[in-house]
Amino acid sequence: MRGGACVAADLSPSSGAGGGVVRSNDEKLDWETSMKRRTFLTSAGVGVAASTVAAPAIAQSMPEVRWRCASSFPKSLDTIYGGAEEVAKRVSEATDGKFQIRVFAAGEIVPGLQVLDAVQNNTVQCGHTVSYYYVGKDPTFAFDASMPFGLNARQQMAWMSHGGGLELMREFFKGYNIVQFPGGNTGTQMGGWFRKEIKNVQDLNGLKMRIGGYAGKVISKLGSVPQQIAGGDIYPALEKGTIDATEWVGPYDDEKLGFYKVAKYYYYPGWWEGGPQVSFLTNINEYEGLPKAYKAILEQACAAANTSMLGKYDVQNMDALKRLVAAGTILKPFPRDVMQACYQAAFELYEEEAKTNEKFKKVYEAWKKFRDEEYLWFRVAEYSFDNFVYTAPPPKKG
């Protein structure tokens with residue numbers, strides 16, 4: 001309306017407006033040309049004219065929001081830690097700096113394994129972590145990240161985005177005052193670093209291993225002693241012999257952490273982490289207080305980080321593995337009987353937990369149904385393709 005009023009006002013040189021200044025014929029011609037252009041924008045291009053006024057007004061109406069994000073990871077692990085920084089960067093850019101998220105590494109505000117508590121209690125507004133770190137509170141948390149012998153990265157993303165997983169986990173997290181978003185994935189992880197060779201199931205008996213999530217309960221059924229240790233504290237524990245083995249993520253991160261210097265056997269696959277999801281947790285009250293546009297921007301930023309992290313690891317791991325092997329690392333698959341024993345132990349645990357934990361049971365039944373049906377599909381095309389191309393001899397040159 002103000003734009004229209006300005007155009008309608010009599011501001012011609014002959015009117016005496018502007019302090020009664022008398023203009024030359026050239027000035028009058030310039031003024032008439034300008035007025036014709038403004039009239040055209042008003043009558044024939046209302047949308048264009050309005051946008052030049054409305055855009056700044058909209059930007060000015062959005063609130064300034066400042067959040068702190070506690071990460072479970074050290075800055076040195078640039079890919080997994082970087083997931084939170086990517087979210088923060090995208091949110092800031094999309095809001096012209098109005099919504100700022102400052103990321104703090106593990107230990108800067110709270111220890112790496114206390115991120116969920118900090119978000120729940122609103123010590124920080126958000127956090128970036130892996131939900132299976134909190135299975136001590138309830139094993140149901142593991143479904144948000146990875147279950148032993150569960151879903152690979154693509155399947156986890158499918159379950160979350162279209163298979164009902166996000167809705168189930170949102171309902172569960174609500175009890176902890178949290179709204180969570182998928183915010184990264186590492187892909188199938190390695191089985192970890194061992195001081196001694198693992199030849200059979202008996203070699204797991206008495207083994208002290210740093211291992212995350214529900215997998216600790218699985219190996220404890222086979223006589224191992226699981227340890228939950230944050231990433232930055234693993235190396236000294238392995239070096240001093242406090243633990244006999246450790247797993248983390250994969251070649252890129254493991255090389256940075258230096259595990260190959262104190263343990264030479266590198267096993268695969270990490271059967272407990274077929275496609276572990278990293279999550280972005282938000283305090284429910286802080287999240288609900290965001291404008292609708294900010295909520296949408298945050299969700300899209302997390303979705304971008306979710307796929308970006310997986311792509312980065314797939315690129316970085318291939319070269320890092322070559323370097324580790326060149327440095328003397330002994331690369332070995334877990335023996336078949338070890339895998340089978342762990343597989344059996346895992347599903348025995350699931351059934352036992354489901355009998356006494358209603359929250360776990362609700363998610364487990366839906367998750368297992370999805371898993372079984374997804375496996376049927378992947379065996380048809382995905383596995384057939386992978387199995388052939390990974391084992392086929394090089395094509396003959398014509």
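Which residue's side chain meets that of arginine 371 in a salt bridge? The points below take this up, after a word on the model.

1. This is a predicted model. It holds 18 salt bridges. Side chains of opposite charge can pair when their charged atoms come close.

2. The partner of arginine 371 is aspartate 372, with N to O at 3.1 Å. Arginine 371 is buried, at a relative accessible area of 5%. Aspartate 372 is partly exposed, at 30%.

3. Aspartate 372 also forms a salt bridge with lysine 368, N to O 3.0 Å. Both residues sit in helix α14. They are four residues apart, about one turn of the helix. Lysine 368 has a relative accessible area of 26% and is partly exposed.

4. Elsewhere, shared partners link salt bridges into one network of Lys221, Glu348 and Glu352.

5. Glutamate 288 and lysine 295 make another salt bridge, 3.1 Å from N to O. Glutamate 288 is partly exposed, with 47% relative accessible area. Lysine 295 has 19% relative accessibility; buried means under 20%, so lysine 295 counts as buried.

6. Helix α14 spans residues 358-380 and packs against helix α7, residues 165-174. Their axes lie 10 Å apart, at an angle of about 170 degrees. Angles over 145 degrees count as roughly antiparallel, so α7 is roughly antiparallel to α14.

7. Which residues make this contact? From α7 come Leu168, Met169, Glu171 and Phe172. From α14 come Lys359, Lys362, Val363 and Ala366. Five of the contact residues are nonpolar, three are charged and none is polar.

Conventions
Residues are numbered from 1 along each chain as its sequence is written. This is a predicted model: local features need pLDDT of at least 70, side-chain atom pairs count only at pLDDT 80 or more; totals for chains, interfaces and linings use all residues. Side-chain values use heavy atoms; hydrogens and water are left out. Axes are lines fitted to C-alpha atoms, for helices over the stretch in contact, and angles run from 0 to 180 degrees between N-to-C directions. Helices (H or I, at least four residues) and strands (E, at least two) are DSSP runs, numbered from the N terminus. Angles under 35 degrees count as roughly parallel, over 145 as roughly antiparallel, 65 to 115 as roughly perpendicular and the rest as oblique. Contact means heavy atoms within 4.5 Å. Ala, Val, Leu, Ile, Met, Phe, Trp, Tyr, Cys and Pro count as nonpolar, Asp, Glu, Lys and Arg as charged, and the others, Gly among them, as polar. A salt bridge is a side-chain nitrogen of Lys or Arg within 4 Å of a carboxyl oxygen of Asp or Glu. Buried means under 20% relative accessible area, exposed over 50%, partly exposed in between (1.4 Å probe, protein chains only).
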